[in-house]
Amino acid sequence: MLWSLFKIILFVTAIALLTLGAGFLMETEGGIRIAIGATEYNLEPLQAVIAGVLLVVAIWLAIIVLGLLVAFIRFVNGDETAISRYFDRSRERKGYEALAEGMIALASGEGSTAMSKASRAEKYLHRPELTNLLTAQAAEMTGDKRKAGEVYRRLLKDERTQFVGVRGIMKQKLAEGDTETAMKLAQKAFALKPRHTETQDVLLGLQARHNDWSGARKTLGAKLKYGDLPRDVHKRRDAVLALSEAKGVLNEGNDIKAREAAIEANRLSPDLVPAAVMAARTYIEQGKPRYASRVLIKAWSAQPHPDIAAAFAEIVPDETPAERLVRFRALTKHRDGDPETRMLLTELNIAAENYTEARKALGDLPEVLPSQRALTLLAAIERGEGADDQTVRALLARAVTAPRGPQWVCDNCNHVHAAWTPICDGCQGFDTLAWKPAPETDHAMQGGAEMLPLIVGEAEAADATTELLDPEDGPKDDVLEAELVDADSDGPEETDAPKP
């Protein structure tokens, strides 16, 4: 309100001053005389002031027109001017609008629309580092792999988008099954961005699939360094890689390096069963039975496993069953309630022909947790105690259809493996195998074919085996086979070592 009043007063004051000034000029005598050749102009004071104002306005307009003319000439010549900047802003606005519409179309699953919008955006923006990314993703969405590959190769020319181009081509090669080229590209992408988690995982998986264990351990170390992997998980996976490296070196004939790698793998992860077994056998070869026992006992305390028991038996291969039973107490006193420990004690007592202790060790395992191995051990005990054939055959018949018990099973895809491997044969997952009961499948009969001759006779067993088992089923259970042989004989024979 006050400001409006002030402006009114100011306006009235200015008009009053102009009026007074005009009146003063009109009353003033004299003027300005301008002579141009033979022509003479006489201007009174008021006329002179008006003429001066008009002259200033004319000069100002002339300068503006001259500037516009110069700007037009520079625009035509290609120089940057206000006019060119105006048109540039207009094109930039249209380009970013097209780019935004393309991104929306891509998010909506409209690949063809996204590609056309990307082309329009490139026409206005000339920013290939932006539009090529949109084009490549749209081409992949529409299934145009050739177009996507061309765009990814164009991205390789710019340092800012080189990683994106390498990663895109790497994914295409993986989809095509060209893992060798994909691994080279993954190494290049890892060199460009070692912190990129997805690239680390892809490279680690490819190195493991190609048995590049040394390179895989370096990649795993990078994951730990950049904080993408917990330290305990790193130790476990590093142990798996060290064990795989040891097996590879052993296959090449370098025993010394293989032994060192096996011991290193066991040091990193004492509960990794294959590493413990390999390290123990390394110590046995070096004449260090105490070290071998210590490694196996520690592994058994973490995870009882038949392979550990077999390696423990190899420490003293020529001992009697009675001596072995005594020595194995150092192992069986750990995890004494575990089913594996109970079955191991049962085997040792059967080998020593102590069927009373064998039955005591086995307990109610065949009823509570029936498996092919537990039921076969019970059949061997019955046979050793003089039970009739009908009783033994009844137990063996139950064993045919019983679960096999714990096996190496992939946590991701539940694929069952006959032996431990660092890479799952089913899903190619790394370090996904666990020793646990396998899920129920159509292969529940697996491992029971060798019992059929004891149940139905030789001739009928051949036909039954063909009908019940697939020829490509996995390996048979060694303990099952051994105990069946014992069950069919007059008494159990002494063995050098309990079989896993």
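At 38% relative accessibility, Glu-101 counts as partly exposed (buried is under 20% relative accessible area, exposed is over 50%, and partly exposed is in between, with a 1.4 Å probe and protein chains only). This is a predicted model, in which local features need pLDDT of at least 70 and side-chain atom pairs count only at pLDDT 80 or more, while totals for chains, interfaces and linings use all residues. Residues are numbered from 1 along each chain as its sequence is written, and side-chain values use heavy atoms, with hydrogens and water left out.

Glu-101 has a charged partner: Lys-117 forms a salt bridge with Glu-101, with 2.8 Å between the closest N and O atoms. A salt bridge here is a side-chain nitrogen of Lys or Arg within 4 Å of a carboxyl oxygen of Asp or Glu. Because Lys-117 lies in helix 4 (residues 111-125) and Glu-101 in helix 3 (residues 82-107), the pair ties together parts that are 16 residues apart in sequence. Helices (H or I, at least four residues) and strands (E, at least two) are DSSP runs, numbered from the N terminus. Lys-117 is also partly exposed, at 24% relative accessible area.

The structure holds 22 salt bridges.

Asp-338 counts as buried, with 18% relative accessibility, whereas Arg-335 is partly exposed at 36%. Then there is Arg-342, which forms a salt bridge with Asp-364, the closest N and O atoms being 3.1 Å apart. Arg-342 sits in helix 18 (residues 339-351) and Asp-364 in the loop between helix 19 (355-362) and helix 20 (365-368), so this pair ties together parts that are 22 residues apart in sequence. Arg-342 counts as buried at 19% relative accessibility, while Asp-364 is partly exposed at 41%.

Three of them make an open sheet in the order 4-3-5, with antiparallel pairing; two strands pair if DSSP finds at least two bridges between them. Strand 4 (416-417) and strand 5 (433-437) stand at the edges with a single partner strand each, so one side of each is left without a neighbour in the sheet. Strand 3 (residues 406-410) and strand 4 run antiparallel and are joined by two bridges. Val-409 has Val-416 in strand 4 as its bridge partner.
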